[in-house]
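Open the model in your viewer and keep the selection panel handy.

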Amino acid sequence: MKVLVAVKRVVDYNVKVRVKSDGSGVDIASVKMSINPFDEIAIEEAVRLKEAGAATEVIAVSCGIAACNETLRTALAMGADRAILIESNEELQPLAVAKLLKAVVDKEAPQLIILGKQAIDDDSNQTGQMLAALAGMPQATFASGIELSEGKATVKREVDGGAETLSLDLPAVVTTDLRLNEPRYVTLPNIMKAKKKPLTTLTPAELGVDAAPRLTTIKVAEPPKRSAGVMVPDVAALVAKLKSEAKVL
Ligand code: AMP
């Protein structure tokens, strides 16, 4: 059983991005890029399913510029068997990525497709849901547990006020939440091994997909600066301020 995992190259979560002076976006020139953390969890889960004998092959897919190869090599070093780069220099928005992934799903016929619940750069939280709709597959988002047996996936997901367990017929789309697992560290020998694993490059045109952007960003702005806090001498002063300024009492 094949598992397909979507991995996005994003600005590393430790980097504090700056808005460009013309407000057209954030400046990502020469900042550290990494695999999207939720996608790292997705790869870890797929590799664990393979190690447990529930999956036979793990395929990592990334859509974007040639440098996404590095992200794919990380996925291969974590244990994916092969990788596919869908190379494009255009800005790829969630609908375009979902269409590209759907084209790969049609070619590869995986039984399970795992994505992150969201990419930490655009925070869209759309691609998995769009892919499930385009592919006509059941979906379970924000997974905190996945079990496979007899053509079904049992997925635990965290919902407001508790946990929900869903049963999905395979093939299905699942998106990962933080609590699903703790991804392994990539070791040097595995990084070396990953260099020899197959990595295929395709283009949107080869997959017959129009990946042109549909949304225009009008403006990106820094959040307003928070004003400095005030030290109060005692509880009475705090209560007086809560009454007079914050008006919460
Ligand atoms: P988003 O809908 O943009 O928040 O992304 C949700 C998930 O879709 C990510 O965690 C990835 O698994 C996948 N994804 C989004 N963009 C890409 C991309 N360019 N290449 C590969 N996977 C992607």
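Select the lining of the largest pocket: by class, this lining has 23 nonpolar, 17 polar and 10 charged residues. Here Ala, Val, Leu, Ile, Met, Phe, Trp, Tyr, Cys and Pro count as nonpolar, Asp, Glu, Lys and Arg as charged, and the others, Gly among them, as polar. A pocket is an open set of points on a 1 Å grid over the protein atoms alone, where a 1.4 Å probe fits, with protein on both sides within 12 Å along at least five of seven lines; lining residues have an atom within 4 Å of a point.

Before going on, note that this is a predicted model, in which local features need pLDDT of at least 70 and side-chain atom pairs count only at pLDDT 80 or more, while totals for chains, interfaces and linings use all residues. Residues are numbered from 1 along each chain as its sequence is written, and side-chain values use heavy atoms, leaving out hydrogens and water.

The largest pocket has a volume of about 1,500 Å³, taken as the space filled by probe spheres set on the grid points, which are joined across faces, edges and corners. Centre your view on K8, E91, L92, D121 and D122, the closest to the pocket's centre of its 50 lining residues. Next, colour β4, which gives the most to this lining, with 4 residues. Strands here are DSSP runs of E with at least two residues, and helices are runs of H or I with at least four, numbered from the N terminus.

Now show the ligand. The space it takes is the largest pocket, by the test that more than half of its atoms lie within 2 Å of the grid points. Which elements give two or more residues to the shell around the ligand? They are β4 (57-64) and β6 (112-116).

Select D39, A119, N125, Q126 and T127, which come nearest among the 18 residues around the ligand, counting a residue as near if one of its heavy atoms lies within 4 Å.

Zoom in on the polar contacts (pairs of N or O atoms within 3.5 Å):

- A ligand oxygen is 2.7 Å from a side-chain N or O atom of T127.
- A ligand oxygen is 2.8 Å from a polar backbone atom of A119.
- A ligand oxygen is 3.0 Å from a side-chain N or O atom of D122.

Last stop: select D12, Y13, S34, I35 and E40, which lie nearest the centre of the second largest pocket. About 430 Å³ of space lies there, and α2 gives the most to its lining, with 4 residues.

Definitions and conventions. Polar contact = N/O pair within 3.5 Å; in protein donor to acceptor, adjacent residues only side chain to side chain.
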